[in-house]
Amino acid sequence: MDKERQDKYIEHLQKMIRIETVSDPDCGSSAENFAEFRALLWELFPALKEVCELREFDGALLLKWKGSDPTRMPVLFMNHYDVVPARAEDWKHPPFAAEIAEGKIWGRGTLDDKGGLWAMFEAANELASEGFVPAADIWFEADSTEETFGTGAQAVASWMQEQGMRFGMVLDEGGDIVREPISGAKGTFAMIGVGEKSVVNLKFTARSSGGHASTPEKNTPLARLGKFMAYVDRHQVFDVDMPQPVAEMLKILGQYMGRTGKVLDRAGKRGKALARMLPALSPAAGAMVSTTIAFTMCGGGEAVNVIPSEAWVIGDMRCSHHQGQESSIKAITKIARKFGLETEVIQREPESRLSDFRGNAFLLVRQAVKTCVPGVDDCTPYIMTGGSDARFFDKLSDQCIRFLPFTIDADQLDSIHGINECVSTDTLVPAVDYYRFLYQHV
Ligand SMILES: [Zn+2]
């Protein structure tokens, strides 16, 4: 029975992977590809289309599946169908062929995020064809611009705000089920995202009167930028704190870590001291306890023998909830000024709140994982350091959870936005069961 289901699921997901829906300002897929993908959805999931009201916002799909109990708060499920580019020559299997090998389907989007979209719709389509009606109104959103600017999701969110809508919970992509998420935590854990850091991109500029390279003065623009970056690299320039969900995560993972775990178990009480040690224990966990900045692009100078009159570097800053954007910008600007640099904010994403990991949405997701996904030792909250469309829905719900029910290994985690992205075929049936469970309990 499961084998039969799995074969059908593989076929459906393969079809979704094979239509290239790359959203990229430089090498994006054509509008026809995106339209073809939307048409494929209704070919694969006709019963769902039948029971839903359908709206479209700039390529973002919005569906409403009417519930039977108007006193319940509606819920929103989201996943996106655009993907990031893939260079075929780097991959073991072509990125848009959805080949099967080593028990996996290989292709761009298998994990991020057509896999999630497929499971979300497949489960709903099954239930709809069985005549099931959910208690609460269930809304589905599928964006086609998540990997670029999220304009589709923003348009949907603004429309919902105009309608005065509120959701009991919002469930988007995010964490997965992983083995040993921090070194030494022996077990398999569902990493359930309860929030995400917010992004600010900054440009730091150094200026001078220029001059010939044969008679250099000290502190030329490039030297100042270099000193600034080295300083930021070596010092903790942002506030370190232990957010509650991270303390809870360390407490849960600590139970699987022997003696080190006993220290982590007291994370709640030893907050700051432990937070300072975290980056050494795990860079991923370290990024959850403070704002971070990474220098990603630079420029300046046009000739080998001329000192540039202007040089710049871009910093990608991810702001913690406890420090926030304004204070993080202030902190880095102050340091930049010491090195004679000007600071300019070139882009910022909306800030969103942390959801309560003792709230209904988190508890329901945890219950769904425990009931439907085999081999999971525990479920834990965590803070996402990357972004998701859920940030645009912050004003529409107090509980925005970011999670997908796929069990993945370290290589698969690296393959997201990297090479050789793939999903294991034996995770497909549990993923559909997970969504079915949620729809039956909202
Ligand atoms: Zn994604």
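Which residue forms a salt bridge with Lys-92? I started there. Lys-92 pairs with Glu-102, and the closest N and O atoms are 3.6 Å apart. My cut-off for a salt bridge is a side-chain nitrogen of Lys or Arg within 4 Å of a carboxyl oxygen of Asp or Glu.

**Ground rules**

I am looking at a predicted model, where local features need pLDDT of at least 70, side-chain atom pairs count only at pLDDT 80 or more, and totals for chains, interfaces and linings use all residues. Residues are numbered from 1 along each chain as its sequence is written, and side-chain values use heavy atoms, with hydrogens and water left out.

**Entry: Lys-92 and Glu-102**

I checked where the two partners sit. Lys-92 is in the loop between strand S3 (75-80) and strand S4 (100-101), while Glu-102 is in the loop between S4 and strand S5 (104-106). The pair is 10 residues apart and links distant parts of the chain. For the record, helices (H or I, at least four residues) and strands (E, at least two) are DSSP runs, numbered from the N terminus.

Next I looked up accessibility, where buried means under 20% relative accessible area, exposed means over 50%, and partly exposed is in between (1.4 Å probe, protein chains only). Lys-92 comes out at 51%, so I put it down as exposed. Glu-102 is exposed too, at 53%.

**Entry: other salt bridges**

I got 25 salt bridges for the structure.

Arg-38 and Glu-56 meet through their side chains at 3.5 Å, N to O. Arg-38 belongs to helix H2 (residues 31-44) and Glu-56 to strand S1 (residues 52-57), 18 residues apart. Arg-38 is buried at 16% relative accessible area, whereas Glu-56 is partly exposed at 49%.

Arg-72 has Asp-69 as a salt-bridge partner, with 3.5 Å between the closest N and O atoms. Arg-72 is partly exposed at 40%, and Asp-69 is partly exposed at 25%.

While in H2 I also looked at Glu-43, which is found in that helix. Glu-43 is exposed, with a relative accessible area of 57%.

**Entry: two domains**

How is the chain divided? I have domain 1 (2-196 + 352-440) and domain 2 (198-348), with bounds that come from an automatic or database domain assignment. Taken over C-alpha atoms, the domain centres are 31 Å apart. The contact (heavy atoms within 4.5 Å) takes 25 residues from domain 1 and 21 residues from domain 2.

About 1,900 Å² is buried between the domains, and carbon and sulfur atoms give 70% of that. Buried area here is the accessible area (1.4 Å probe) that two parts lose on being put together, summed over both. On the domain 1 side, Ile-182, Ile-383 and Thr-385 lose the most area to domain 2, together 30% of what that side buries.

How many salt bridges cross this interface? I found zero between domain 1 and domain 2. Polar contacts do turn up: six residue pairs, both at pLDDT 80 or more. A polar contact is a pair of N or O atoms within 3.5 Å; within protein, one must be able to donate a hydrogen and the other to accept it, and residues adjacent in sequence count only if both atoms are side-chain atoms.

Strand S8 (188-196) and strand S13 (378-384) each supply at least two residues of the domain 1 side. S13 gives the largest share, six residues.

**Entry: helix H7**

Is helix H7 (residues 244-254) mostly covered or mostly open? I noted it as mostly covered, with eight of its 11 residues buried. Among them are Met-249, Leu-250 and Leu-253. The buried residues of H7 pack against S8, helix H8 (258-264), helix H9 (271-281), helix H10 (283-286) and S13.

**Entry: Thr-427**

Thr-427 counts as buried, at 6% relative accessibility. A polar atom of its side chain lies 2.7 Å from the backbone oxygen of Ser-424. Leaving out residues up to four places away in sequence, Thr-427 touches Phe-406 and Thr-407.
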